Amino acid sequence: MTNFSEIKGFLFDLDGVIADTAKFHGQAWRQVADKVGTPWTDELAEGLKGISRMDSLQLILEASGQGDAYSDEEKAVLADEKNRNYQTLIATLTEADILPGMKAFITNAKAAGYQLAIASASKNAPLILEHLGLIDDFVGIVDPATLAKGKPDPEIFVRAAEILSLPPEQTIGLEDSTSGIEAINAAGAISLGIGDPNVLSAADLNFATTADVTLENIAALMDK
(Lines give C-alpha, C1' and ligand atoms only; values in the text may rest on other atoms or scores of the structure.)
Protein backbone atom coordinates (compact mmCIF):
# COMPACT_ATOMS: atom_id res chain seq x y z
CA MET A 1 0.00 0.00 0.00
CA THR A 2 1.04 3.60 -0.62
CA ASN A 3 2.84 5.39 2.22
CA PHE A 4 0.87 8.20 3.85
CA SER A 5 3.55 10.70 2.77
CA GLU A 6 2.52 10.09 -0.87
CA ILE A 7 -1.13 11.08 -0.27
CA LYS A 8 -2.10 14.49 -1.65
CA GLY A 9 -5.91 14.47 -1.56
CA PHE A 10 -9.13 13.07 -0.09
CA LEU A 11 -12.30 12.05 -1.96
CA PHE A 12 -15.44 12.13 0.18
CA ASP A 13 -18.75 10.37 -0.08
CA LEU A 14 -21.38 12.56 1.60
CA ASP A 15 -24.19 10.60 3.24
CA GLY A 16 -22.92 8.62 6.23
CA VAL A 17 -19.46 10.17 5.94
CA ILE A 18 -19.97 13.93 6.33
CA ALA A 19 -23.64 14.04 7.40
CA ASP A 20 -26.56 11.66 7.84
CA THR A 21 -28.99 12.69 5.11
CA ALA A 22 -30.48 9.21 4.57
CA LYS A 23 -33.08 9.90 7.27
CA PHE A 24 -34.42 12.79 5.15
CA HIS A 25 -34.77 10.51 2.11
CA GLY A 26 -36.84 8.17 4.28
CA GLN A 27 -39.07 10.98 5.53
CA ALA A 28 -39.59 12.39 2.02
CA TRP A 29 -40.46 8.96 0.57
CA ARG A 30 -42.84 8.29 3.42
CA GLN A 31 -44.79 11.42 2.46
CA VAL A 32 -45.14 10.01 -1.07
CA ALA A 33 -46.12 6.57 0.25
CA ASP A 34 -48.83 8.15 2.40
CA LYS A 35 -50.12 10.03 -0.63
CA VAL A 36 -50.44 6.91 -2.83
CA GLY A 37 -51.77 4.76 0.03
CA THR A 38 -48.78 2.44 0.51
CA PRO A 39 -48.28 1.33 4.14
CA TRP A 40 -44.83 2.36 5.40
CA THR A 41 -42.78 -0.52 6.83
CA ASP A 42 -39.18 -0.97 7.99
CA GLU A 43 -38.70 -3.50 5.19
CA LEU A 44 -39.82 -0.97 2.56
CA ALA A 45 -37.61 1.76 4.04
CA GLU A 46 -34.59 -0.58 3.96
CA GLY A 47 -35.31 -1.58 0.35
CA LEU A 48 -35.15 2.05 -0.83
CA LYS A 49 -31.58 2.61 0.35
CA GLY A 50 -29.00 3.16 -2.37
CA ILE A 51 -31.31 2.87 -5.38
CA SER A 52 -32.39 5.55 -7.85
CA ARG A 53 -35.33 7.88 -7.39
CA MET A 54 -37.52 6.22 -10.03
CA ASP A 55 -36.67 2.69 -8.83
CA SER A 56 -37.55 3.76 -5.28
CA LEU A 57 -40.91 5.10 -6.43
CA GLN A 58 -41.63 1.87 -8.32
CA LEU A 59 -40.93 -0.16 -5.16
CA ILE A 60 -43.35 2.01 -3.17
CA LEU A 61 -46.08 1.56 -5.79
CA GLU A 62 -45.53 -2.20 -6.10
CA ALA A 63 -45.66 -2.59 -2.31
CA SER A 64 -49.37 -1.78 -2.47
CA GLY A 65 -50.07 -3.51 -5.79
CA GLN A 66 -50.02 -0.29 -7.82
CA GLY A 67 -47.00 -1.02 -10.01
CA ASP A 68 -48.93 -0.28 -13.22
CA ALA A 69 -51.48 2.19 -11.83
CA TYR A 70 -49.54 5.36 -12.72
CA SER A 71 -48.34 6.65 -16.09
CA ASP A 72 -44.71 7.68 -16.62
CA GLU A 73 -45.83 11.31 -16.46
CA GLU A 74 -47.62 10.76 -13.15
CA LYS A 75 -44.59 8.94 -11.77
CA ALA A 76 -42.36 11.85 -12.79
CA VAL A 77 -44.65 14.23 -10.87
CA LEU A 78 -44.49 12.02 -7.76
CA ALA A 79 -40.69 11.75 -8.01
CA ASP A 80 -40.39 15.53 -8.32
CA GLU A 81 -42.64 15.93 -5.31
CA LYS A 82 -40.37 13.62 -3.31
CA ASN A 83 -37.34 15.70 -4.26
CA ARG A 84 -39.09 18.92 -3.21
CA ASN A 85 -40.00 17.28 0.13
CA TYR A 86 -36.35 16.23 0.53
CA GLN A 87 -35.00 19.68 -0.30
CA THR A 88 -37.35 21.23 2.27
CA LEU A 89 -36.01 18.81 4.88
CA ILE A 90 -32.31 19.32 4.06
CA ALA A 91 -32.84 23.08 4.28
CA THR A 92 -33.00 22.50 8.05
CA LEU A 93 -29.39 21.20 8.10
CA THR A 94 -26.79 23.23 10.00
CA GLU A 95 -23.16 22.78 11.01
CA ALA A 96 -24.49 20.87 14.06
CA ASP A 97 -25.53 18.05 11.69
CA ILE A 98 -21.97 17.30 10.56
CA LEU A 99 -21.05 13.83 11.80
CA PRO A 100 -18.68 13.67 14.82
CA GLY A 101 -15.09 14.61 14.04
CA MET A 102 -15.59 15.38 10.35
CA LYS A 103 -15.59 19.17 10.61
CA ALA A 104 -12.21 19.00 12.39
CA PHE A 105 -10.85 16.44 9.92
CA ILE A 106 -11.86 18.51 6.88
CA THR A 107 -10.48 21.71 8.43
CA ASN A 108 -7.20 20.05 9.43
CA ALA A 109 -6.73 18.28 6.10
CA LYS A 110 -7.27 21.50 4.18
CA ALA A 111 -4.92 23.43 6.51
CA ALA A 112 -2.26 20.75 5.99
CA GLY A 113 -2.39 21.33 2.23
CA TYR A 114 -4.49 18.37 1.12
CA GLN A 115 -6.90 18.78 -1.81
CA LEU A 116 -10.54 17.75 -1.11
CA ALA A 117 -13.33 16.70 -3.49
CA ILE A 118 -16.85 15.28 -3.17
CA ALA A 119 -17.77 11.98 -4.85
CA SER A 120 -21.45 11.61 -3.95
CA ALA A 121 -24.34 10.18 -5.96
CA SER A 122 -26.55 12.94 -4.54
CA LYS A 123 -27.60 15.63 -6.99
CA ASN A 124 -28.26 17.78 -3.91
CA ALA A 125 -24.64 17.61 -2.65
CA PRO A 126 -23.88 21.33 -3.31
CA LEU A 127 -27.04 22.38 -1.44
CA ILE A 128 -26.27 20.06 1.49
CA LEU A 129 -22.67 21.33 1.79
CA GLU A 130 -23.95 24.92 1.65
CA HIS A 131 -26.27 24.29 4.62
CA LEU A 132 -23.47 22.53 6.53
CA GLY A 133 -21.13 25.48 5.94
CA LEU A 134 -18.55 23.27 4.19
CA ILE A 135 -18.92 24.23 0.52
CA ASP A 136 -15.75 26.36 0.45
CA ASP A 137 -13.57 23.56 1.83
CA PHE A 138 -13.79 21.51 -1.37
CA VAL A 139 -11.99 22.09 -4.66
CA GLY A 140 -14.94 20.57 -6.50
CA ILE A 141 -17.94 18.25 -6.55
CA VAL A 142 -18.50 15.53 -9.13
CA ASP A 143 -21.83 16.10 -10.90
CA PRO A 144 -23.53 12.67 -10.80
CA ALA A 145 -25.68 13.65 -13.80
CA THR A 146 -22.54 13.52 -15.98
CA LEU A 147 -21.64 9.93 -15.05
CA ALA A 148 -22.27 6.92 -17.28
CA LYS A 149 -22.42 4.52 -14.32
CA GLY A 150 -22.94 4.77 -10.57
CA LYS A 151 -21.10 3.04 -7.74
CA PRO A 152 -19.68 0.35 -7.58
CA ASP A 153 -18.32 1.54 -10.92
CA PRO A 154 -15.11 3.55 -10.23
CA GLU A 155 -16.03 6.45 -12.54
CA ILE A 156 -17.11 8.88 -9.80
CA PHE A 157 -13.85 8.47 -7.87
CA VAL A 158 -11.71 8.67 -11.00
CA ARG A 159 -13.51 11.91 -11.84
CA ALA A 160 -13.07 13.26 -8.30
CA ALA A 161 -9.30 12.66 -8.51
CA GLU A 162 -9.27 14.42 -11.90
CA ILE A 163 -10.95 17.45 -10.28
CA LEU A 164 -7.94 17.59 -7.93
CA SER A 165 -5.48 17.03 -10.83
CA LEU A 166 -4.13 14.01 -8.94
CA PRO A 167 -3.66 10.35 -9.90
CA PRO A 168 -6.07 8.20 -7.84
CA GLU A 169 -3.05 6.48 -6.23
CA GLN A 170 -2.27 9.75 -4.41
CA THR A 171 -5.78 10.01 -2.92
CA ILE A 172 -7.82 8.37 -0.16
CA GLY A 173 -11.55 7.80 -0.67
CA LEU A 174 -13.88 7.83 2.36
CA GLU A 175 -17.00 5.65 2.20
CA ASP A 176 -19.52 3.91 4.45
CA SER A 177 -20.95 1.45 1.90
CA THR A 178 -19.64 -1.73 0.29
CA SER A 179 -20.43 -0.44 -3.21
CA GLY A 180 -18.50 2.75 -2.44
CA ILE A 181 -15.46 0.83 -1.18
CA GLU A 182 -15.58 -1.33 -4.30
CA ALA A 183 -15.65 1.81 -6.47
CA ILE A 184 -12.66 3.37 -4.66
CA ASN A 185 -10.62 0.18 -4.98
CA ALA A 186 -11.42 -0.13 -8.67
CA ALA A 187 -10.40 3.50 -9.21
CA GLY A 188 -6.95 2.75 -7.78
CA ALA A 189 -7.30 5.03 -4.74
CA ILE A 190 -6.79 4.00 -1.10
CA SER A 191 -10.14 3.05 0.43
CA LEU A 192 -11.08 4.16 3.93
CA GLY A 193 -14.20 2.43 5.25
CA ILE A 194 -16.24 4.03 8.02
CA GLY A 195 -18.39 1.51 9.87
CA ASP A 196 -18.40 -2.21 10.66
CA PRO A 197 -15.05 -3.64 9.47
CA ASN A 198 -16.72 -7.02 8.85
CA VAL A 199 -19.12 -5.41 6.40
CA LEU A 200 -16.47 -3.14 4.86
CA SER A 201 -13.79 -5.84 4.83
CA ALA A 202 -12.61 -4.89 1.32
CA ALA A 203 -11.43 -1.46 2.55
CA ASP A 204 -7.69 -0.78 2.80
CA LEU A 205 -8.27 1.14 6.05
CA ASN A 206 -11.12 0.87 8.57
CA PHE A 207 -12.49 3.15 11.26
CA ALA A 208 -15.53 2.27 13.35
CA THR A 209 -16.91 5.83 13.40
CA THR A 210 -16.29 9.22 11.80
CA ALA A 211 -14.91 10.42 15.15
CA ASP A 212 -11.89 8.13 14.64
CA VAL A 213 -10.92 9.74 11.32
CA THR A 214 -7.89 11.99 11.84
CA LEU A 215 -4.75 12.58 9.81
CA GLU A 216 -2.71 11.06 12.64
CA ASN A 217 -4.83 7.89 12.81
CA ILE A 218 -4.74 7.43 9.04
CA ALA A 219 -0.95 7.88 8.99
CA ALA A 220 -0.56 5.38 11.82
CA LEU A 221 -2.60 2.73 9.97
CA MET A 222 -0.88 3.24 6.62
CA ASP A 223 2.69 3.32 7.89
CA LYS A 224 2.60 0.58 10.51
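**Sheet architecture and overall dimensions of the predicted chain**

Six strands form an open sheet in the order β3-β2-β1-β4-β5-β6, with parallel pairing, where strands are DSSP runs of E of at least two residues and helices are runs of H or I of at least four residues, both numbered from the N terminus, and where two strands count as paired if DSSP finds at least two bridges between them. The structure is a predicted model, in which local features need pLDDT of at least 70 and side-chain atom pairs count only at pLDDT 80 or more, whereas totals for chains, interfaces and linings use all residues. Residues are numbered from 1 along each chain as its sequence is written, and side-chain values use heavy atoms, with hydrogens and water left out.

Within the sheet, strand β1 (residues 9-12) pairs in the parallel sense with β2 (residues 115-118) over four bridges, and Leu11 has Ala117 as its bridge partner in β2. Strand β1 is also joined by four bridges to β4 (residues 171-175), again in parallel, with Phe12 standing opposite Leu174 of β4. Strand β4 in turn runs parallel to β5 (residues 190-194), to which four bridges join it; here Ile172 is bridged to Ile190 of β5.

In a regular strand the side chains alternate between the two faces of the sheet. In β1, Gly9 and Leu11 point one way while Phe10 and Phe12 point the other way, and all are buried, that is, under 20% relative accessible area, with exposed meaning over 50% and partly exposed lying in between (1.4 Å probe, protein chains only).

At the level of the whole protein chain, the secondary structure comes to nine helices and six strands. Along the principal axes, the C-alpha atoms fill a box of roughly 55 × 30 × 30 Å. Buried residues account for 45% of the 224 residues. Of the contacts (heavy atoms within 4.5 Å) between residues at least 6 apart in sequence, 61% join residues at least 24 apart.
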